[in-house]
Amino acid sequence: MRRCRWAGRDRGSFTAELAAGLPALLVFLFVGLTAVDAVGTKGACLHAAREAAIAASRGADGWAVVRAVAPPGAKVSIDKEGQRVRVTVRAPVRALGARMPRLTVTATTVAAVEPGPEPFLPLAEAVVGGAGVSR
């Protein structure tokens, strides 16, 4: 016995649903991966700001710590305000997809200056790149 399937009204509906749904799924994938990258970059900025603020408040070279820890391309500013050292780290987030907007994450940390030598603060702002701090 041979069964024949007649073409019904739903013929080609899977192809149409796939054509409509696949671009939306890819957009969600790109947005999700960019969000994961942004969270990781935010954590790296916070870590760099915290370590540099602690080092500068103790009188050590905060820029050496920033060079070692900050994500590539980060803009760093170290300021002394009275008895406090404020470190701000801004880093770009690599967005997946050419049309995605550029994101920048920022982390700021403040530490009290400890008794002892003055904090070593030669610059107000610098960009941390692959080759170190550039002026």
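I counted the secondary structure elements and found two helices and five strands in the protein. I note that the model is predicted. Read from the N terminus on, the elements run α-α-β-β-β-β-β.

**Chain totals**

I looked up burial next: buried residues make up 27% of the 135 residues in the protein. For the accessible surface I got about 9300 Å², with 59% of that area belonging to carbon and sulfur atoms. I then took the contacts between residues at least 6 apart in sequence, and 61% of them join residues at least 24 apart.

**Salt bridges**

How many salt bridges does the structure hold? I found two.

I took the pair of E114 and R58, where the closest N and O atoms are 3.7 Å apart. That distance counts as a salt bridge because the cut-off is within 4 Å. I placed E114 in the loop between β3 (103-112) and β4 (125-129), and R58 in the loop between α1 (13-57) and α2 (62-69). The two residues are 56 residues apart, and the pair links distant parts of the chain.

I checked the accessibility of both partners. E114 has a relative accessible area of 37% and is partly exposed. R58 stands at 53% relative accessibility, so I list R58 as exposed, the cut-off being over 50%.

I then turned to E81, which forms a salt bridge with R86. Here the closest N and O atoms are 3.4 Å apart. E81 is partly exposed at 42% relative accessibility, and R86 is partly exposed at 31%.

Terms used
Residues are numbered from 1 along each chain as its sequence is written. This is a predicted model: local features need pLDDT of at least 70, side-chain atom pairs count only at pLDDT 80 or more; totals for chains, interfaces and linings use all residues. Side-chain values use heavy atoms; hydrogens and water are left out. A salt bridge is a side-chain nitrogen of Lys or Arg within 4 Å of a carboxyl oxygen of Asp or Glu. Helices (H or I, at least four residues) and strands (E, at least two) are DSSP runs, numbered from the N terminus. Buried means under 20% relative accessible area, exposed over 50%, partly exposed in between (1.4 Å probe, protein chains only). Contact means heavy atoms within 4.5 Å. Accessible areas come from the Shrake-Rupley method with a 1.4 Å probe; for residues, only the protein chains shown count as cover.
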